[in-house]
Amino acid sequence: MAHDILEESGYLALGSRLKRLAERLQADAAKLHEMHGFNIQPSQFPMVKALDAYGSLTVAQAVDALGVSQPAVTRTLNSLVQSGIAQTRPDEQDQRVKWIELTPKGAEVLESMRNDLWPMVQEAAKEASSFPTGSSPASLLDALSRLEQNLSESSLEQRVTDKLNGQNVEILDFSGELAQDFYDITQEWVSDMFKLEKNDIEIIENPQKLIIDRGGIILFAKTPKLGVVGTCALIKIEEGVFELTKMGVRDSARGLKIGEKLLQATIARAREMKIRSMYLLTNKKCEAAIHLYEKNGFIHDRYILNKYAARYERCNVAMSYRF
């Protein structure tokens, strides 16, 4: 078996060993961000987290907060500006001072990461760093060895994936008892990003009449701990054509891939129903959702946008799914 030279070198190779460990964890974090549709690189994370903590920073303040050089801050800032995550503005009293802040897109991406991914990554990293009950590391090197061993057994990426896949999610069909959940979940996510429109209110107040009785379906996701946490509906628009709509997940269940499980269950049900064509209407602000739709076979459709988008003021994206 090959020797681990860095481990055998003890404190002499501490810097190299920490660098190797950091690169390993950052690589896994980058994969997880990409898997969830977040275009954030490991080198950008400290700046994004600082903006999350402070709201806005001058370049000098960012240097102090991150403990890196000004050129390093400038490089990261330029990459975030290019990706549309951050922007700069001059100080009102001193034009030489530049403030860094999130764009509206960046604020939305940050909120989604904070709710959907970072708690799972933190929990997995904490788990990988833990020692058996009743024991503790004798030294920093001892702690590093334990962490490296745990990551060899199961990487950070795999630990997060296992947590997401291990959620026991039950898919339920609509019943009268679930009507209030349909109303509450839809109201929660729509109001969080947009405003409830007349069409929304009519549907969530009359799901039996406007969806079920017309040949549509409503599916719900339920977990043992959190109860009913998500919904997704298919509304019949015309013969053989259905709209996938009202797919939403409670804030309490973000990061558990409930939306993806609901979407896949709805697509499977649509196949059983022998639906000819299915489409959805959404908004460019819903980047994570759009990425999820694309991942599961939906394509952007200008014809659908022109034909059906007028149903909602917020709609500026339409996608279709062909069976």
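This is a predicted model: local features need pLDDT of at least 70, side-chain atom pairs count only at pLDDT 80 or more; totals for chains, interfaces and linings use all residues.
Visitor: Take T223, then. Why does T223 count as buried?

Guide: T223 sits in β5, the strand of residues 217–223. Its relative accessibility is 6%, and the cut-off for buried is under 20%, so T223 counts as buried.

Visitor: Which residues is T223 in contact with, leaving aside its neighbours within four places in sequence?

Guide: Those are N168, V169, V229 and I258. A contact here needs heavy atoms within 4.5 Å.

Visitor: How do you know that β4 and β5 pair?

Guide: Pairing takes at least two bridges, and β4 and β5 have 4, running antiparallel. β5 and β6 make a hairpin, with 3 residues between them.

Visitor: Where do these strands stand in their sheet?

Guide: They belong to an open sheet of 7 strands in the order β4-β5-β6-β7-β8-β10-β9, with mixed pairing.

Visitor: What makes β4 and β9 edge strands?

Guide: Each has a single partner strand, so one side of β4 (170–173) and one side of β9 (299–300) is left without a neighbour in the sheet.

Visitor: What is the strand order in the open sheet of 3 strands?

Guide: That one goes β1-β3-β2, with antiparallel pairing. β1 (56–58) and β2 (86–90) each have a single partner strand, so they are the edges, and one side of each lacks a neighbour in the sheet. From one strand to the next, the twist averages 30°.

Visitor: How do you know that β2 and β3 pair?

Guide: There are 5 bridges between β2 and β3 (residues 98–102), antiparallel, against a threshold of at least two. If you want a spot to look at, R89 has W99 in β3 as its bridge partner. Helix α5 (residues 70–82) packs on this sheet, touching β2 and β3, and its direction makes about 110° with that of β2. Helix α3 (residues 45–54) lies across β1 and β3, at about 115° to β1.

Visitor: Now the helix pairs. Why are α2 and α8 called roughly parallel?

Guide: Helix α2 (residues 14–35) and helix α8 (residues 140–153) pack at about 30°, with axes 12 Å apart. Angles under 35 degrees count as roughly parallel, so that is the label α2 and α8 get. Residues making the contact include L14, R17 and L18 of α2, and L140, L141 and L144 of α8. The crossing of α2 past α8 is left-handed.

Visitor: What about α6 and α7: why is α6 oblique to α7?

Guide: The axes of α6 (residues 104–116) and α7 (residues 118–128) come within 4 Å and cross at roughly 40°. Roughly parallel stops under 35 degrees and roughly perpendicular is 65 to 115, so α6 is oblique to α7. In the contact, L110, M113, R114, N115 and D116 of α6 meet W118, P119 and M120 of α7.

Visitor: How do you know that the buried residues of α11 line one face of the helix?

Guide: The buried residues of α11 (residues 198–205) are N199, D200, I203 and I204. Looking down the axis of α11, they fall within an arc of 120°, so they line one face. In general, residues three or four places apart on an α-helix point the same way, because there are 3.6 residues a turn. Their cover includes α10, α12, β6 and β7.

Visitor: And how many helices and strands does the chain have?

Guide: It has 15 helices and 10 strands. Of its 323 residues, 46% count as buried.

Notes. Residues are numbered from 1 along each chain as its sequence is written. Side-chain values use heavy atoms; hydrogens and water are left out. Helices (H or I, at least four residues) and strands (E, at least two) are DSSP runs, numbered from the N terminus. Axes are lines fitted to C-alpha atoms, for helices over the stretch in contact, and angles run from 0 to 180 degrees between N-to-C directions. Buried means under 20% relative accessible area, exposed over 50%, partly exposed in between (1.4 Å probe, protein chains only). The arc is that of the directions from the helix axis to the C-beta atoms. Angles under 35 degrees count as roughly parallel, over 145 as roughly antiparallel, 65 to 115 as roughly perpendicular and the rest as oblique. A crossing is left-handed if the near helix is turned anticlockwise from the far one by less than a right angle, and right-handed if clockwise.
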